[in-house]
Amino acid sequence: KISRGGTASLAQLEILCKQLYETTDTTTRLQAEKALVEFTNSPDCLSKCQLLLERGSSSYSQLLAATCLSKLVSRTSNPLPLEQRVDIRNYVLNYLATRPKLAAFVTQALIQLYARITKLGWFDCQKEDYVFRNVIVDVTRFLQDSVEHCIIGVTILSQLTNEINQADTTHPLTKHRKIASSFRDSSLFDIFTLSCNLLKQASGKNLNLNDESQHGLLMQLLKLAHNCLNFDFIGTSTDESSDDLCTVQIPTSWRSAFLDSSTLQLFFDLYHSIPPSLSPLVLSCLVQIASVRRSLFNNAERAKFLSHLVDGVKRILENPQSLSDPNNYHEFCRLLARLKSNYQLGELVKVENYPEVIRLIANFTVTSLQHWEFAPNSVHYLLSLWQRLAASVPYVKATEPHMLETYTPEVTKAYITSRLESVHIILRDGLEDPLDDAGLVQQQLDQLSTIGRCEYEKTCALLVQLFDQSAQSYQELLQSTNSSSMDIAVQEGRLTWLVYIIGAVIGGRVSFASTDEQDAMDGELVCRVLQLMNLTDSRLAQAGNEKLELAMLSFFEQFRKIYIGDQVQKSSKLYRRLSEVLGLNDETMVLSVFIGKIITNLKYWGQCEPITSKTLHSVRKLVKLSAVQFMLNNHTSEHFSFLGVNNQSNLSDMRCRTTFYTALGRLLMVDLGEDEDQFEQFMLPLTAAFEAVAQMFSTNTFNEQEAKRTLVGLVRDLRGIAFAFNAKTSFMMLFDWIYPSYMPILQRAIELWYHVPACTTPVLKLMAELVHNRSQRLQFDVSSPNGILLFRETSKMITTYGNRILTLGEVPKDQVYALKLKGISICFSMLKAVLSGNYVNFGVFRLYGDDALDNALQTFIKLLLSIPHSDLLDYPKLSQSYYSLLEVLTQDHMNFIASLEPHVVMYILSSISEGLTALDTMVCTGCCSSLDHIVTYLFKQLSRSTKKRAAPMAQESDRFLHIMQQHPEMIQQMLSTVLNIIIFEDCRNQWSMSRPLLGLILLNEKYFADLRNGIVNSQPPEKQQAMHLCFENLMEGIERNLLTKNRDRFTQNLSVFRREVNDSMKNSTYGVNSNDMMS
């Protein structure tokens, strides 16, 4: 019996539950949440949960009990004993059986708890019996009772299938796959058969679907069947969102269910007999059935199956009433797409009703496209069906007619005309414009590019006719004085669609299937777009249409892909047509038009980020053209507005400048060679800007806004150039230009504006680019001190920025990255680049008493200690720059690390320990490598100290050894982590993990032996011998040293070890207490 205190606390818990789920006051809710979290972690949580379920007066307290129990059974550290879990499972089943009328969310939470216990205990044995596997027996008693009980029973199976199919983050993926495979082989087919039988029974009775409970039962049965068919049978679909995995990998043992046409018939019959609210689920099941892997059948069986499938589709198309429901319509479109993704055109045309079905599908598609406002997301599936059909036409061997030459042009026409007709309505009613969703438009155009190439003459004729109509109306509207802006906008919208579509069908040209006539038709289309461009460009001074400009750029991209380059026949009929109409005789002249367009865009659209950035994806073949020479000589704001310093725009809006200068830098490098005069000439605008900033800095009072703008623009431009100059000669010209004259200006900017990230980020990024030895461009002559001088500047900038940024004090959590961590992260990258660039001999600094190296490294430590561990891993860019810098430091500057204070050493080691389990493979690999360097250093120092005639150890090594001996648990924990990852987890970078492991084992032989024994003893008795042997083989032939030969041997042993351990555990109860090793 519980004491009165116990009951009181029960009442308190009920009040907390009410506060958590009902109150609108945030503070009360947060306090309740806090108290309940403490409750979950309290030792008597289990017994209290039972009391809440027994005596709780509100549904909320039952919900709390169920969720707390789920947490208890899922925890990986200190898991509940087997007997307790079996008791909870039985208790939950009895509770559900005796209380069928619980609140829906309580039932749901309890079923979730049952599914979780069953999944996690799938391999647990009690007296030779797998206690959690008799699922169907558990559920049978529910199915033999009232409708409410039936619903609970079916939901249990449905939820369990779902739970086992979903990997969770707390347990390793390999364990999840083992449970899922075992469940698939032992129970899933029985569950699927059960669901089909129950559905047959249900459809056999005259269902009274007005009765809510019968409706509910049917819905749960369909969900169950869908979960079975949607199971990830072979562990391939880790991502839920990808719908293109069109094959369902049904196991061979399920063949009977699919060879028997009654399964397929059952779902088609259900579709016609149940209310539209449930039929989307039926169609989802049919989509999965239609996608059963081809190899499940032989050819005759497949033909028979396909014939039933096509009959079912035909019946739906002949009675399309339910398709007015958007969910039904969407699932039906998916079903149509699967007809072609899983069967070949040659198989489809042999089905007896093919001519009738293809006519129905074509009509359905045309109608759907004409109603563009209805279910726009479903169009993708219809277009993908036609795209696949059109693409197969050249390959079909069957003698039966496919009739696509009749129907495909109808689909093309419907798509094009419906898009054009939508423009007016969208503008009139202020609806959302599909052109704003670039991804969706691109996807549809890709599909159309194949569909439109089928019977291309018809496509072109249609496009020419529509384009001429719109272009003529547009011209007349522009010339007339009283035309309304609405009419102009409609024509511009129609032309935008047409330019996109023309670009798409030209991009759909397949070289081997293309004829001269088709190229001539392309010429007709291209001429029209270029004529339209001349018209719109001439008006840019007054007005322009952003969407139409983006369509032009998309058209250029497609045209360039197909008709410019070495693989194009110069005699192509396309160029003949261009030269007749526009006087453009060859690709160079067309390229000049492109470049003219690039310049026009940069001139007029400088403030429009999408157009500017798309325009700047320049082409290298353009160097010789006069227009490019114009850009190389006139890159100033009077010609290109986005290079201007206007006070309206934001400092961070100048990002395109880097892209622009990268493009210009690449163009300049093509012919630059060693021509210093040409370089000086090119740099004039930037020289002038630097001089202007220098002038401002030299006076005491200057316009700070203007100085910031000029400087930020300038360093962004320079970074673009530095990035492009990846050859030694050109980079040295840039280096001599900037150093020593302009370096002080960058340093001064950091001193003044260290607290303004919009200024410091571009300056720090420029410096990081300058010290980056890309393709060995930073090679100084033997007698040049430039490498050392460049490092001094780097050290100065890191120290200046680092010491000042640390004076900021407390920064709010949501701004800490922008204000502080981003800058620190760039400093880490900069230091990494200069330390690993191989152009500075770092030994000379200490030799000549120069403190540049020391200052930089000490600043790194100060910055590092100001960052909490959690932030190091929470911000991906920061973690990548920190861990790659650490790798270089442990490799080349271990003496520095060894000389650090104990608390700093511990900080660095624990950051490595946490990084070992990071999700980012780069971080994890960096940690392994750093750990390897540290362990190797320790091992060397230890073996040196034991030798008789060793030279006395350096002071720092001595201290470092001492720290490590005081805190053995640090290295031991890492040994345990690495070993656990290799044995129990899905280890993606086994080679990297193996490198530090040998050193860790040699440094901790006794601890390793304990670990080994722990792992061996955690196996079931019959497996222990095998596991012991695996460990024996791991150290077979390994000597007590870290020479490369010995390491390589260990790495080989380790991969064998991992394979053997995995095999040994596959059919065991799976490392029961592997977690105890971690705790």
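Contact here means heavy atoms within 4.5 Å. The model is predicted, so that local features need pLDDT of at least 70 and side-chain atom pairs count only at pLDDT 80 or more, while totals for chains, interfaces and linings use all residues. Residues are numbered from 1 along each chain as its sequence is written, and side-chain values use heavy atoms, with hydrogens and water left out.

**Exercise 1. Describe the largest nonpolar core and the surroundings of Phe258.**

Step 1. A nonpolar core is a set of buried Ala, Val, Leu, Ile, Met, Phe, Trp, Tyr and Cys residues joined through side-chain atoms within 4.5 Å. Buried means under 20% relative accessible area, exposed over 50%, and partly exposed in between (1.4 Å probe, protein chains only).

Step 2. The largest nonpolar core has 197 residues, and Phe258 is among those with the most contacts inside it, together with Phe267, Phe332, Trp386, Phe559 and Leu578. Helix 22 (residues 485–507) gives the most to this core, namely twelve residues. Helices (H or I, at least four residues) and strands (E, at least two) are DSSP runs, numbered from the N terminus.

Step 3. With neighbours within four places in sequence left aside, Phe258 is in contact with Leu229, Ile250, Ile289, Val292, Leu296, Phe297 and Phe305. A second, separate core has 151 residues, including Leu886 and Phe1057.

**Exercise 2. Determine the span of helix 47 and the sides on which its residues lie.**

Step 1. The expected span is 1.5 Å times one less than the number of residues. Helix 47 (residues 1005–1017), with 13 residues, reaches 18 Å from first C-alpha to last, close to the expected 18 Å.

Step 2. Phe1008, Leu1011, Arg1012, Ile1015 and Val1016 are buried in helix 47. They lie on the same side of the helix because they cover an arc of only 130 degrees around the axis, taken from the directions from the helix axis to the C-beta atoms. The face turned away from this buried side carries the exposed Lys1006 and Asn1017.

**Exercise 3. State how many disulfides the structure holds and examine Cys68.**

Step 1. With a disulfide defined as a pair of cysteine sulfur atoms within 2.5 Å, the structure holds zero.

Step 2. Cys68 is in no disulfide, and its nearest cysteine sulfur, that of Cys49, is 4.6 Å away. Cys68 counts as buried, at 2% relative accessibility.
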